[in-house]
Amino acid sequence: MKELAFIENMLNDLAPFVRDQYANRQHVDVSRKTSPTDLVTAVDIEVQRRTMERLDAAFPGDALMAEELNMTDPPADLNARCWVMDPIDGTGNFVRGLFPMFGISLAFVQGGKVLAGAVSLPVLDLLFVAEKGGGAFRNGARMKVSDIDAVEAARIEIEFSSRALRERTICAVRPLFLNTGNLRAHGSAVAGLCSVANGDMEAYVHAALSPWDYAAGILIIEEAGGVVTRWDGGPIRLFDGKTTLLASNKALHARFLASLTNS
Ligand code: IPD
Ligand code: CA
Ligand code: CA
């Protein structure tokens, strides 16, 4: 599929640029958006700008929904060809030099469905790729979600990103928090989703993710055999705005969902 080839080439070309910028991050301009922890850097902007330029040349007329540069609106025609990008997911980790868990995410959507998507974790030199019906791959090797089916053995990621959501998230995830074997919070949705796809974790839980945070990630998980829904069990609808999200392996999804909805 030519769109998937475009995504892979784009992310492979962007990764060395982002790696270099990360190595020199003390010289990167950082601005605050809506809160002291909601940041954007010159690297986020440049990654999105380079992608827009190449998309315009390769697929003129296609829509783009992306986190920066005031491009967060869905396309006027929700069935149109549309690209969804988070230029840097985990900007806080990028700026503080944490882990280094941050990624570039780009997806191609048509008819409201994600048909192709990829996530690059540039410093870790990892590329996660999926095409609808074609499987999911990590640096070329096919991925599969884990088959762990015991809650006490599960390792899950619960993110508490914005202060406004903490109360709601704590109440809803309390049973998961208390009963699952192991808890993590890495600060990058795309990295968390890819960890579930690769079988490294059993679930990723978030109270309010935006389409650019999960568009590529949900296809990657589904193509690796996992399940992604809202907390009420309903389907994720890409252009509905922020959504609750539970992404997990097949074996545990129903049980995780029950503890969320029963809380
Ligand atoms: C954020 C990260 C974080 C998640 C936040 C997102 P950004 O994206 O994915 O892990 O908890 O909700 O906004 O701002 O670094 O692109
Ligand atoms: Ca971002
Ligand atoms: Ca993001």
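Analyst: A residue is called buried when its relative accessible area is under 20%, exposed when over 50% and partly exposed in between (1.4 Å probe, protein chains only). By that rule both D86 and D89 are buried. This is a predicted model, in which local features need pLDDT of at least 70, side-chain atom pairs count only at pLDDT 80 or more, and totals for chains, interfaces and linings use all residues. Residues are numbered from 1 along each chain as its sequence is written, chains are lettered from A and ligands numbered from 1 in the order in which they are written, and side-chain values use heavy atoms, with hydrogens and water left out.

User: Which residues are the protein donors of the calcium ion (ligand 3)?

Analyst: They are D86 (OD), D89 (OD) and D213 (OD), lying 2.1 to 2.2 Å from the ion, and they count because donors are N, O and S atoms within 2.8 Å of a metal (3.2 Å for Na, K and Ca), although sites may look incomplete without water.

User: What makes F59 count as buried?

Analyst: Its relative accessibility is 9%, so F59 falls under the limit for buried residues. F6, with a relative accessible area of 9%, is buried by the same rule.

User: Why is the pair of F6 and F59 given the name it has?

Analyst: Rings of Phe, Tyr and Trp (its six-membered ring) pair if their centres lie within 6.5 Å, with planes under 30 degrees apart stacked, over 60 edge-to-face and the rest tilted. Seven aromatic pairs are counted by this rule. For F6 and F59 the centres are 5.5 Å apart and the planes stand at 80°, so the pair is edge-to-face. F6 lies in helix 1 and F59 in the loop between helix 2 and strand 3, so the pair ties together parts that are 53 residues apart in sequence. Ring pairs also link F6 and F59 with W83 and F108 in a cluster.

User: How do you know that the span of helix 2 (residues 42–58) agrees with what it should be?

Analyst: The expected span is 1.5 Å times one less than the number of residues, so the 17 residues of helix 2 should span 24 Å, and the end C-alpha atoms are 24 Å apart, which agrees. Among the residues buried in helix 2 are V43, D44 and L55.

Terms used. Helix = DSSP H or I, 4+ residues; strand = E, 2+ residues; numbered from the N terminus.
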